[in-house]
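Please work through each task before reading its solution.

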Amino acid sequence: MLKFLCGVLLALGMVMGPCAQAASVLFLNPATTSEAFWVSYSQFMQAAAKDLAMDLRIQYADHLAETTLAQAREALQGPDRPDYLVFVNEQYVALEILRMAQGSGVKLFMVNNALTPGQMSLLGSQPEKYPDWLGSLVPNDEEGGYLMLKELIRLHPPAAPGQVIELLAFSGLKVTPAAQLREKGMMRALTEHPEVRLRQLVYGGWTRERAYEQAGLLFKRYPKVSLVWSANDEMALGVMQAYAEAGGQPGKDALFGAINHSPAALQALLDGRLSVLLGGHFSLGGWALVQLHDYDQGVDFGQYGGRDRQIPLLQLIDRAQARRLLELGGRQDYGVNFLKLSAKGQPASYRYPFSLQTLMH
């Protein structure tokens with residue numbers, strides 16, 4: 001309503017002082033306020049919003065699809081609608097949110113998990129039915145899962161003739177596209193290494209506690225396991241704790257890999273307990289805000305890299321980068337000038353420089 005009134009005042013040629021409204025964004029964070037990855041994700045978005053003079057609100061859903069949908073319904077159909085709704089297609093909530101948004105006037109943007117191929121086919125050939133859906137930004141999850149196992153195998157001593165290297169894998173939630181893609185990447189790496197045998201793949205629900213409980217049983221069942229692949233850092237930390245309690249030494253008796261560079265995971269890499277760590281995708285929400293800021297300024301961000309983009313953010317983190325990321329974690333602005341990344345006024349050849357390197361300068 002305020003924007004409408006401002007438009008009327010502007011049309012009448014009246015001064016628009018208090019009407020210079022910051023664009024409002026609601027981010028539906030699918031996780032809990034205690035998960036390091038999602039907390040850092042929100043903090044990076046807050047740093048971007050501050051730089052870009054956007055009004056950002058964040059709500060958490062504790063990994064409950066019904067909570068996300070209730071939050072979306074209130075945002076899209078309630079009295080206090082944001083200009084932009086940013087959300088994650090965790091547990092396949094996207095289609096329902098797209099349907100809810102019709103006629104709301106709220107612009108939608110998806111991060112981290114975009115539509116699955118199945119959802120795309122359900123949507124059919126009519127994306128024009130959802131004109132307020134602006135686009136999506138996702139990381140290279142399949143490649144991330146692949147790179148983690150390839151690096152673990154590279155670091156592991158070769159198998160003796162006639163012997164196999166035993167692997168355990170901890171994935172997130174079956175209904176999360178990111179988990180499915182990371183598993184797919186792991187399986188691709190496995191096909192290239194017949195000397196590695198996957199003993200069991202379990203779903204740790206992204207949590208340290210669940211993976212810790214599962215690992216306690218699995219290490220008894222498979223005492224010869226020497227490689228452990230985890231789809232996130234929380235689960236890896238829980239699994240390493242169980243392994244140490246069973247008398248093993250993470251980083252020596254077995255090699256552990258994970259995705260997400262929480263301070264605890266970065267420290268475990270520096271300590272040598274974690275052998276392989278990938279990260280960088282915690283920045284997706286902040287990069288999404290740069291694009292929404294540009295859209296708000298009349299820029300067609302699709303011309304600078306595409307409407308729906310996959311960015312190779314997940315990459316192997318070495319120890320020097322781990323130290324740098326630990327330093328950055330203590331800074332409110334992450335050392336990034338988000339306004340400088342804007343495509344406004346840039347030539348057609350410009351591409352948004354969204355990468356881990358942007359944080360590492």
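**Exercise 1.** Determine at what angle helix α8 and helix α9 pack, and which residues make the contact.

*Solution.* Step 1: helix α8 (residues 208-221) and helix α9 (residues 233-245) pack at about 40 degrees, their axes being 7 Å apart. Step 2: α8 is therefore oblique to α9, where oblique is what remains once angles under 35 degrees (roughly parallel), over 145 (roughly antiparallel) and 65 to 115 (roughly perpendicular) are set aside. Step 3: the contact (heavy atoms within 4.5 Å) involves Arg208, Ala211, Tyr212, Ala215, Gly216 and Phe219 of α8; among the residues of α9 are Glu234, Met235, Leu237 and Tyr243. Step 4: sorted by class, the contact of α8 with α9 comprises nine nonpolar, three polar and three charged residues, with Gly counted as polar.

The model is predicted: local features need pLDDT of at least 70 and side-chain atom pairs pLDDT 80 or more, while totals for chains, interfaces and linings use all residues. Residues are numbered from 1 along each chain as its sequence is written, and side-chain values use heavy atoms, leaving out hydrogens and water.

**Exercise 2.** State where Ala53 lies, and whether Ala53 is buried or exposed.

*Solution.* Step 1: Ala53 is not a glycine, yet its phi is positive, about 55 degrees. Step 2: Ala53 sits in the loop between α2 (36-52) and β2 (55-60). Step 3: with a relative accessible area of 54%, Ala53 is exposed (over 50%; buried is under 20%).

**Exercise 3.** State where Trp206 lies, and whether Trp206 is buried or exposed.

*Solution.* Step 1: Trp206 has a positive phi near 70 degrees. Step 2: Trp206 belongs to the loop between β7 (196-203) and α8. Step 3: Trp206 has a relative accessible area of 8% and is buried.

Note on methods. Axes are lines fitted to C-alpha atoms, for helices over the stretch in contact, and angles run from 0 to 180 degrees between N-to-C directions. Helices (H or I, at least four residues) and strands (E, at least two) are DSSP runs, numbered from the N terminus. Buried means under 20% relative accessible area, exposed over 50%, partly exposed in between (1.4 Å probe, protein chains only).
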